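Here is a short note for someone opening this structure for the first time. Please keep the view open while reading the points.

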Amino acid sequence: MDPLPLIQLSFTHSNPTFTSCQHDLLHSYLPLPTISSSPILENLRRPKMAVATPLHPKPVPQFLTTPTSIPLTHFTNLSFFNNQSSLSSRKPGASSSTRPGAKKNNRWLDPFEQGDDPEMEYGQLFSDGKQDEDPRPPDNPGNPYGFLKFPMGYTVEVASLGLKIRGDVRRCCCVVSGGVYENILFFPAIQLIKDRYPGVQIDVITSARGKQAYEINKNVRWATEYDVDDDYPDPAEYTDMLGLIKGRYYDMILSTKLAGIGHAAFLFMSSARDRVSYVYPNANGAGAGLFLSETFTPDTANLSEGGYNMYGEMVDWLARPFRSVTRQVVPPLKVSISRKVKEVVEAKYKNAGVSKGKYIVIHGIKSDSKALMQSRGDTDSLLPIEIWDEIASVIRGLTPVFVIPHERERENVEDFVGEDASIVFITTPGQLAALINDSAGVIATNTVAIQLAHARGKPCVALFSSDDKAKVFVPNPEEKKCAVITSKSGKLEDIDVEAVKNAVQIFSMPLAIF
């Protein structure tokens, strides 16, 4: 619909004393459409009386539904029509995005957004390459309020122009759903953020169990405990966490929790520039994209079923190329163990009667403890102590060390294995990583012990309930020095113990010492 007849109509109706001379003067600058049958146009040509007559409801004018004959040559100076002509003059082969195979933009944000202009020419200042390390002085440790930490809107010259032009990220917040297993598998994504945005400060918000995983991650500045999986959070805790996030002024916030409109609104209120999250693949995700700048939709409502590459879509988005910056290489899973944790764990396994490099870690004993460190995507991942005793009986040259998640399990292990069994009580992933680091190898079900053995380069025998679970959670087992044993019935308790005994023979003294 052409806007000019509406302008004329509103002008004449708002001026009851509009004369025919004034109408002719206006007509000379803004010609009316050539529609002789319109009753409103006939009224415009008549002189108006001094007293305005009441306007009664009339049918929709014809020129509102009929294309007008106004030539565009009258408005060559209007920027709106210039933009239209520039859009129509694009090259036929030009793409709407600079990234080949790019994901379609979020239609909830701007229906007219077509992506970056391929013909746009950028300068050299803050427009290309990666961001630089923060040139500002470090924080003053003696000042409780910090040093040079200004809220948004103050001393804007401190913030780099690259934050707007190049999309730099100085502070990033990762909201990670799940327990220890899910947080450990998020470590490659954190390392990727550090590689892609040099100098970035990464904070994590996760559950109480998941927070323990960042004891072995040197890239995280602060790990804050908050139950992101609670569908009905306490209002006081909810608003307190929201205020905490807003006060840190994040440039980007990532979330692995499947977002509906409620969680998406929570991320939107964080005031972060980039809000990236997974969304529900069903009707629960309706409307979530309205509050997010980038969304990922998993195949199922349980993201943990994706296994080792459960965050594949988000990692692929973080590693995307940008102008002259090539696609980032996804780093492998690595963990860092502090000297203090190593000393504590060393005292534990020495009290159990074993020495460094001469024992095998057995993890995955069935228990009702919360420190089992199993994945949400594989609930059938624990074996009773009777089966573990049968497996450990064939180990030669090395001492099996049974890891228990609770002290009440000690009696059960001693009843089946014997009172001289080597038992270590460990509940945190940091201590478990230190125990695996000093061992000759690992025999475990689908718990975090398998991933920690891979991160420390230790040989492993992994027990799974099915072939599908094994392929998902341990891809490329040969490269990871992992022997995979699966159950043919789909239940872990029916696993072939003889096959496990044969696989245990990979642990030999020369390999363990090496």
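1. Start with helix H12 (residues 339-351) and helix H15 (residues 429-437). They pack at an angle of about 65°, and their axes are 9 Å apart. H12 and H15 are therefore roughly perpendicular to each other. Their crossing is right-handed. Please note that this is a predicted model.

2. Which residues make the contact? On the H12 side they are Val341, Lys342, Val344, Val345, Lys348 and Tyr349. On the H15 side they are Gly430, Gln431, Ala434, Leu435 and Asn437. By class, the residues of the contact of H12 with H15 are six nonpolar, three polar and two charged.

3. The axes of H15 and H16 come within 10 Å and cross at roughly 55°. That angle makes H15 oblique to H16. The crossing of H15 and H16 is right-handed.

4. How do the residues of the contact of H15 with H16 divide? Eight are nonpolar, with no polar and no charged residues. H15 brings Pro429, Leu432, Ala433 and Ile436. H16 meets them with Val448, Ala449, Leu452 and Ala453.

5. Six strands form an open sheet in the order E9-E8-E7-E10-E11-E12, and the pairing is parallel. Its edge strands are strand E9 (422-425) and strand E12 (482-486), each of which pairs on one side only. From one strand to the next, the twist averages 20°.

6. Look inside that sheet at one pair of strands. Strand E7 (residues 359-363) and strand E8 (residues 399-404) run parallel and are joined by four bridges. Ile360 has Pro400 of E8 as its bridge partner.

7. H16 lies across E7, strand E10 (441-445) and strand E11 (460-464). Its direction runs at about 150° to E10.

8. Strand E2 (residues 201-206) pairs with E3 in the parallel sense, over five bridges. Within this pairing, Ile202 stands opposite Val220 in E3.

9. Finally, the rings. The structure holds nine aromatic pairs. One of them is formed by Tyr181 and Phe473: the ring centres are 5.8 Å apart and the planes stand at 90°, so the pair is edge-to-face. Tyr181 lies in helix H6 (residues 180-184) and Phe473 in helix H17 (residues 467-473), so this pair ties together parts that are 292 residues apart in sequence.

Key
Residues numbered from 1 in each chain as written. Predicted model: local features only at pLDDT ≥ 70, side-chain atom pairs only at ≥ 80, totals over all residues. Heavy atoms only, no water. Axes fitted to C-alpha atoms, helices over the stretch in contact; angles between N-to-C directions. Helix = DSSP H or I, 4+ residues; strand = E, 2+ residues; numbered from the N terminus. Parallel < 35°, antiparallel > 145°, perpendicular 65-115°, else oblique. Left-handed = near helix turned anticlockwise from the far one by under 90°. Contact = heavy atoms within 4.5 Å. Nonpolar A, V, L, I, M, F, W, Y, C, P; charged D, E, K, R; others polar. Pairing = 2+ DSSP bridges. Phe/Tyr/Trp six-rings, centres within 6.5 Å; stacked < 30°, edge-to-face > 60°.
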